[in-house]
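Let's take a walk through a protein together, one stop at a time. Have the sequence and the 3D view ready, and look up each place as we reach it.

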Amino acid sequence: MSEPKPPTPIPGDTYKGWLFKWTNYIKGYQRRWFVLSNGLLSYYRTQAEMGHTCRGTINLATANITVEDSCNFVISNGGAQTYHLKASSEVERQRWITALELAKAKAVRMQLESDDSGDDCPAVPPTSGQGGGCRNSEIQSTLRTLSSKVEDLTTCNDLIVKHGSALQRSLSELEGIRVGGDMGEKIRQVTERATLFRITSNAMINACRDFLSLAQNHSKRWQKALQTERDQRIRLEETLEQLAKQHNHLERAFRGATVLPPSFSNPALGNKAGVSGKGDASDEDDDNEFFDAMEDPAEFITVPADPKYHRRSGSNVSGISSEIGMDDQSVNFDELSLASNPESPQPLELEPVRQRRTRIPDKPNYYLNLWSIMKNCIGKELSKIPMPVNFNEPISMLQRLSEDLEYYELLDKAAKCQSSLEQMCYVAAFTVSSYSTTVHRTGKPFNPLLGETFELDRLRECGYRSLCEQVSHHPPAAAHHALSEKGWTLRQEITLASKFRGKYLSIMPLGSIQCLFDKSNNHYSWKKVTTTVHNIIVGKLWIDQSGEIDVVNHRTGDRCHLKFAPYSYFSRDVPRKVTGVVTDKDGKAHYVLSGTWDEKMEFSRVMQSSKGENGTEGKQRTVYQTLKAKEIWRKNPLPEGAENMYYFSSLALSLNEPEEGVAPTDSRRRPDQRLMEDGRWDEANAEKQRLEEKQRTARREREREAVKAASPPDEAVTEDSINDSPLKTDAQETGTEASEVSDESAHQDNHHALWFEKLDDPVSGETLHVYKGGYWEAKDQGSWDMCPDIF
């Protein structure tokens with residue numbers, strides 16, 4: 001008699017509320033918004049996420065619900081999904097348990113009914129045009145839901161009758177004891193109340209049955225009314241869409257006629273822009289493709305140009321010459337040239353010298369707890385963290401740099417361009433393409449040893465050859481030089497700075513990349529954006545690229561500003577979005593680029609620009625009228641089975657393939673990397689430690705020589721003097737891996753690169769390691785005596 005009264009079953013189709021859900025041992029229980037509807041329990045971080053992002057759903061039809069204590073309970077569907085939940089109070093927990101049990105019983109019945117009535121759907125006559133069959137099914141589903149509610153109440157009534165009868169029997173027995181008159185009176189009162197409660201529940205059941213009968217009788221009228229309302233809503237939506245398009249075209253026409261920048265001083269363009277609203281009236285024209293504005297911050301908007309530009313771009317040269325002046329003629333020639341470059345017939349490719357491999361051994365399934373390694377490294381430089389090969393991929397950072405050349409065809413096409421603005425589009429697309437290989441590559445490349453090299457000789461196959469060398473160890477830096485027969489040179493020097501932030505890892509590439517073209521003497525330079533690896537501790541690893549790149553042509557002053565948008569749960573834009581604008585030295589826009597860094601890039605010719613409305617931060621956004629976008633780059637598909645081969649591309653699969661005649665310092669000869677590729681990870685870890693200790697010994701020897709050279713002639717050089725030297729590193733104290741970085745301000749390496757020399761670039765004003773020659777000659781002669789023994 002002293003037990004708490006069970007809560008009344010929750011009415012309505014859904015039950016919502018806050019619960020605490022167990023996430024992990026780091027965060028513990030986290031407050032989440034749960035929604036119980038149609039036999040499914042879903043949860044969200046906040047109520048605002050209900051419209052777009054569901055964090056998880058469990059089907060109660062196959063779930064088990066168990067109570068652990070006064071506030072905790074567990075929902076599991078056999079091991080695949082398990083929710084450990086906690087309510088704010090015992091009463092709240094009991095309300096959830098009751099609602100969940102009723103929803104589970106309903107879901108089981110609906111599942112059985114669905115199995116039994118699988119042939120009922122064809123009996124519903126379909127209606128034409130508006131999907132009436134689906135709406136008919138919805139009405140029937142509503143009626144089934146009402147019926148199931150009555151069944152729920154019937155179940156509750158049966159339970160009340162059962163337990164009420166038992167209660168009355170017990171009370172009758174107690175009444176027969178006749179302990180006292182007062183007790184007998186109270187027992188009679190309780191018996192009367194139990195009887196009244198049973199009568200009330202029966203009345204509720206009868207009322208619900210009447211309601212169900214009434215709903216069934218009026219279902220046809222409801223269906224007709226619902227159909228009318230939906231038809232009217234569709235007509236209103238179509239009308240609203242037409243009004244929105246007309247409003248947008250009128251706004252663009254008004255801006256184009258009244259707010260033109262000074263750069264558009266051509267009277268012919270000005271006169272025609274004043275009537276651009278007439279050309280935009282054709283909403284069905286495929287060329288009038290609308291581009292949405294970018295989000296936060298929205299720097300510019302692109303809209304389709306006046307259809308007159310589309311007609312001219314397709315006309316012949318004589319038509320262009322007769323209709324427009326020289327300025328317009330040059331504009332259309334640039335557009336035609338750039339559009340036709342990717343499709344122009346190319347010279348026949350030479351037969352490859354050798355058949356490159358297309359597979360490597362599958363990645364073994366070794367488990368290692370990353371948190372046990374990373375938990376004490378929050379805030380540290382990544383290169384100071386000793387990492388086993390379990391988190392690596394079987395290529396070095398030098399080979400990863402060489403992967404930038406996977407889409408070398410973009411530079412080949414850029415070398416043929418007559419216009420520097422065209423060329424800038426291809427160089428910008430090449431800049432974006434270098435990130436396409438990273439989308440699934442969560443493994444860490446091997447840190448190169450000091451003096452390690454990597455050659456990529458594709459001269460006869462692709463017309464270029466490339467060389468990388470690790471030129472510095474403190475700070476770690478790699479130099480890269482590629483030369484093509486098609487008339488371009490690519491060189492870069494990259495230093496990686498990285499920080500582990502607990503939940504994610506940030507990798508900041510420092511240094512510059514330069515591209516030179518022989519024919520035009522155009523000299524381009526740019527830097528890389530930040531790479532972020534998310535879910536380091538919990539969840540599936542994923543990579544994002546974010547930041548801004550300015551590709552600068554130092555000869556002409558042309559510039560391309562690229563923006564890599566960071567991923568956001570709340571953004572309406574496509575993930576991994578990249579946008580860019582190509583401008584000349586005067587800041588006038590000529591091309592707009594858009595796409596994603598993991599799939600493709602497109603370009604659009606800017607025909608007109610104007611200042612539009614203010615953005616979210618009060619800045620005035622530029623509106624560009626462009627021609628229809630054309631594809632300039634698309635990512636190559638991954639080879640079959642790439643998910644088992646570290647998601648390597650076809651080029652990456654061939655990078656570590658053994659080759660004869662390469663230098664003794666080449667990454668292909670690195671034993672720990674080779675053992676990892678073969679799947680012998682335990683041996684690879686042991687070999688990695690041996691190489692690191694060998695490099696530390698060589699470093700101490702260089703420091704000893706440096707101290708000896710710096711000390712006075714009469715001062716003896718002892719081991720203590722070396723240990724007290726400022727050249728002593730943290731690596732000697734901690735014994736961490738070969739790429740550890742001590743305080744960079746303390747000293748620089750005394751190592752001199754073998755194939756590169758540090759020079760000041762007079763064009764860009766930057767200092768970087770430049771290839772000084774001699775490597776390919778040494779390879780032809782087979783003379784590698786100058787190479788150090790690093791492996």
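**A walk through the model**

Our first stop is on the surface, where Tyr567, Tyr569 and Phe570 form a nonpolar patch. Together, these three residues have about 350 Å² of accessible area. Keep in mind as you look around that this is a predicted model.

You will find Tyr567 in the loop that links strand E19 (559–564) with strand E20 (577–583). Is Tyr567 buried or exposed, or something in between? Its relative accessible area is 38%. Buried means under 20% and exposed means over 50%, so a value in between counts as partly exposed. Tyr567 is therefore partly exposed.

For a contrast, turn to His481, which sits in strand E13 (residues 476–484). The relative accessibility of His481 is 15%, and therefore His481 counts as buried. What surrounds this side of the story? Not counting residues up to four places away in sequence, His481 touches Arg465, Ser466, Leu467, Thr489, Leu490, Arg491, Phe756 and Tyr771. One of these, Arg491, is ten residues from His481 along the chain, and the two C-alpha atoms are separated by 4.4 Å.

Our last stop is a sheet. Strands of a sheet pair through backbone hydrogen bonds, and the pairing can be parallel or antiparallel. Here, seven strands make an open sheet with antiparallel pairing, and their order is E4-E3-E2-E1-E7-E6-E5. Which strands stand at the edges? They are strand E4 (56–59) and strand E5 (64–67). Each has a single partner strand, so one side of each has no neighbour in the sheet. From one strand to the next, the twist averages 35 degrees.

To see the pairing up close, follow strand E1 (residues 14–24) and strand E2 (residues 28–37), which run antiparallel and are joined by ten bridges.

Conventions. Residues numbered from 1 in each chain as written. Predicted model: local features only at pLDDT ≥ 70, side-chain atom pairs only at ≥ 80, totals over all residues. Heavy atoms only, no water. Patch = residues over 30% accessible without salt bridge, like charges linked within 9 Å, V, L, I, M, F, W, Y side chains within 5 Å. Areas by Shrake-Rupley, 256 points an atom, 1.4 Å probe, with all protein chains shown as cover. Salt bridge = Lys/Arg side-chain N within 4 Å of Asp/Glu carboxyl O. Helix = DSSP H or I, 4+ residues; strand = E, 2+ residues; numbered from the N terminus. Buried < 20%, exposed > 50% of the residue type's maximum accessible area, 1.4 Å probe, protein only. Pairing = 2+ DSSP bridges. Axes fitted to C-alpha atoms, helices over the stretch in contact; angles between N-to-C directions. Contact = heavy atoms within 4.5 Å.
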